[in-house]
Amino acid sequence: MGKVVIVTGAGRGIGAATSKLLAAKGYRVCVNYRSNAQSAAAIVDEITASGGKAFSFQADVSNESDVIALFDATERAFGPVTHLVNNAGILFPQTTLADIDVARFNEVMMSNVTSCFLCSREYIRRAESTGSIVNVSSAASRSGAPFEYIDYAASKGAMDSLTRGLSLELAPKGIRVNSVRPGFIYTSMHADGGEPNRVARLAPQIPLQRGGTPDEVAHAIVWLLSDEASYVTGAFIDLAGGK
Ligand code: NAP
């Protein structure tokens with residue numbers, strides 16, 4: 001049976017790069033997106049043109065019925081889901097905790113943590129054989145992101161606990177759960193955070209003196225997901241240029 005993977009939030013950025021790399025390695029890929037159908041379709045076209053197999057599916061992964069529909073659609077298209085990349089995530093403009101309202105805090109938690117919980121649960125409930133999950137966390141879980149987005153950092157901290165706990169629950173079944181923690185990656189997420197040039201501004205403070213690319217993160221995700229990492233579970237790879 002071939003490998004079938006769902007990559008959440010894959011219409012752009014790290015998720016898109018990961019989808020392309022996984023397809024090149026022979027995975028059949030569900031490119032999940034929430035709002036931008038056009039960019040998800042472009043990723044699918046790119047994969048198909050290179051001889052890979054992919055389809056796109058709209059689902060808000062913070063919503064339980066959307067997640068069930070996402071897994072149903074992937075099973076119909078390609079068969080049982082063998083691998084999962086929990087990549088979808090959001091952040092809001094930089095501010096201090098005192099100025100974060102409850103609606104924002106809850107939306108960040110729903111998009112970044114509840115989504116990871118729901119997709120992981122659906123994956124486990126349906127898992128027919130050993131496979132693996134990779135969670136896309138953030139260096140913010142270590143830094144706490146003071147004066148920027150403590151809500152986002154806390155959501156990634158919760159994701160790290162999910163990674164650790166679930167890796168131990170699933171280890172006896174041979175299902176591995178790992179995480180990458182990117183730091184300063186050139187994607188449009190920083191524009192959503194209110195500072196499109198954030199990575200370039202911070203580059204001099206990064207030991208490697210530059211930001212990272214979505215492809216550099218994708219390579220780590222693809223390795224952790226693969227059988228090449230068969231003895232690795234509950235692990236975190238920091239991709240933050242040494243920060
Ligand atoms: P991005 O370019 O903003 O892409 C995020 C994607 O997530 C978007 O395509 C968005 O879809 C999707 N998404 C958000 N909420 C969703 C939901 N509820 N359901 C389905 N899709 C949803 O960001 P990125 O930089 O590639 O980030 C990918 C992951 O890496 C995130 O988890 C982020 O926290 C993490 N990360 C990024 C950096 C960085 O420096 N870029 C650093 C550390 C961690 P739509 O556009 O369709 O709404």
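Helices (H or I, at least four residues) and strands (E, at least two) are DSSP runs, numbered from the N terminus. This is a predicted model: local features need pLDDT of at least 70 and side-chain atom pairs count only at pLDDT 80 or more, while totals for chains, interfaces and linings use all residues. Residues are numbered from 1 along each chain as its sequence is written, and side-chain values use heavy atoms, with hydrogens and water left out.

**Stop 1: helix α1**

Select residues 13–24, which form helix α1. Its 12 residues reach 17 Å from first C-alpha to last, close to the expected 16 Å; the expected span is 1.5 Å times one less than the number of residues. Nine of the 12 residues are buried, where buried means under 20% relative accessible area, exposed over 50%, and partly exposed in between (1.4 Å probe, protein chains only). Among the buried ones are Ile14, Leu21 and Leu22. Just after α1, pick Gly26, which has a positive phi of about 100 degrees.

**Stop 2: the ligand**

Next, look at pairs of N or O atoms within 3.5 Å, the cut-off for a polar contact. A polar side-chain atom of Arg12 is 2.7 Å from a ligand oxygen. For Val61, a backbone N or O atom lies 3.0 Å from a ligand nitrogen. In Lys156, a side-chain N or O atom is 2.9 Å from a ligand oxygen. The protein covers 98% of the 900 Å² of accessible area that the ligand has on its own (Shrake-Rupley method, 1.4 Å probe).

**Stop 3: two loops**

Most residues other than glycine have a negative phi. Select Phe147, in the loop between α5 (140–143) and α6: its phi is positive, about 65 degrees. Phe147 is exposed, at 67% relative accessible area. Finish at Gln209, in the loop between α8 (198–202) and α9. Gln209 has a positive phi near 65 degrees and is exposed, at 52% relative accessibility.

Terms used. A polar contact is a pair of N or O atoms within 3.5 Å; within protein, one must be able to donate a hydrogen and the other to accept it, and residues adjacent in sequence count only if both atoms are side-chain atoms.
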